[in-house]
Amino acid sequence: MLNLERLRTLDALARHGSVSAAAEGLHVTTSAVSQQMAKLEREVGQQLLAKNGRGVRLTDTGRLLADHAARIISQVELAQSDIEARRGQAVGEVRIGAFPTAARGLFPAAVSSLRRDHAELRVISRELEPEAAVREVVRGDLDLAVVLDWSNKRLPVPGGLAQAQLLDDVTDVAMPADHPLAGRAEVDLEEFADDEWVSWPEGEFCHEWLVFTLRSKGFEPRIAHMAGEHHTQLALIAAGLGVCVAPRLGRGPVPEGVALVPVRQKMRRHVYAVWRTDADRRPSIRAAVEALRGAAEQQKG
């Protein structure tokens, strides 16, 4: 009989591509991964891993068994979903992730609601950028993720995922309080063509969106500073070091010396939850989505 936990280890190794990454994804040590794989090789009586430089690669047999392992794990998840749905209660564990402003703006209320209404459900939450969160949901490392699209740039979401809209997040332009446009009721992005910009780190979805959007307005942005946290971005603005886009979700107190002005052509982030369709019947998933919707309604209010 093939051991399910060893198949999970093989599946993680196939998905992550290395022993260290598989160990991180499984929250175990690298030696634990190696031990599980050695035991699995003894069970099947064939070599599953081969050395590849300093790392390892799956053999043909390893890839064949990994394909079967992915399907077996998916079927186990379906069985768990059916059993949980039959019981009709949100129990066990649900792992959720969200990009930082959504984690700050939605998780406190949503997780508190789940703890109050579903005492037998354990919630584990993490901050993750949207693209990374989608990958983790697809791999099964997360049960549910809160992600975003911009109104003019979609986030690539693969098939096999269900979605639920949470809210539309309006964004403003943040600028130093003494900026010439700080007193305006509305602004256009092209009016900041000569300003230096504060952006998210290069490679992140929102950074790519900002560059794409400003180029579409007819100018190449001069990005002087990059920071992942909006609080850090606003601190740089307060110091007079540029301008930035400032979403309203999870914004918190605005530092003294920063002016926020709406954009004439509204820039919106569509915030929504995604989860695997094979987990769709789990009461814990439905409970988490409803809690997030409730938290989103509070933000709208």
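The axes are lines fitted to C-alpha atoms, for helices over the stretch in contact, with angles taken from 0 to 180 degrees between N-to-C directions. Helices (H or I, at least four residues) and strands (E, at least two) are DSSP runs, numbered from the N terminus.

I noted that this is a predicted model, in which local features need pLDDT of at least 70, side-chain atom pairs count only at pLDDT 80 or more, and totals for chains, interfaces and linings use all residues. Residues are numbered from 1 along each chain as its sequence is written, and side-chain values use heavy atoms, with hydrogens and water left out.

**Entry: α1 with α2**

I found that α1 passes α2 in a right-handed crossing; a crossing is left-handed if the near helix is turned anticlockwise from the far one by less than a right angle, and right-handed if clockwise. I then listed the contacts (heavy atoms within 4.5 Å). Arg-8, Thr-9, Ala-12, Leu-13 and His-16 of α1 meet Val-19, Ala-21, Ala-22, Gly-25 and Leu-26 of α2. By class, these residues are 6 nonpolar, 3 polar and 1 charged. Here Ala, Val, Leu, Ile, Met, Phe, Trp, Tyr, Cys and Pro count as nonpolar, Asp, Glu, Lys and Arg as charged, and the others, Gly among them, as polar.

**Entry: α1 with α3**

I turned to helix α3 (residues 30–44), which packs with α1 at an angle of about 115°, their axes 9 Å apart. This makes α1 roughly perpendicular to α3, and their crossing is left-handed. On the α1 side, the residues in contact include Glu-5, Arg-6 and Leu-7, and on the α3 side they include Val-33, Gln-36 and Met-37. The contact of α1 with α3 has 6 nonpolar, 2 polar and 4 charged residues.

**Entry: α5 with α9**

Which way do α5 and α9 cross, left-handed or right-handed? I found a right-handed crossing, with the axes of α5 (residues 100–117) and α9 (residues 283–300) coming within 8 Å at roughly 130°. The contact residues include Leu-106 and Phe-107 of α5 and Ala-291 and Leu-292 of α9.

**Entry: an aromatic pair**

I recorded 4 aromatic pairs, where rings of Phe, Tyr and Trp (its six-membered ring) pair if their centres lie within 6.5 Å, and planes under 30 degrees apart count as stacked, over 60 as edge-to-face and the rest as tilted. The rings of Trp-150 and Trp-209 are stacked, with centres 3.5 Å apart and planes at 5°.

Notes
Angles under 35 degrees count as roughly parallel, over 145 as roughly antiparallel, 65 to 115 as roughly perpendicular and the rest as oblique.
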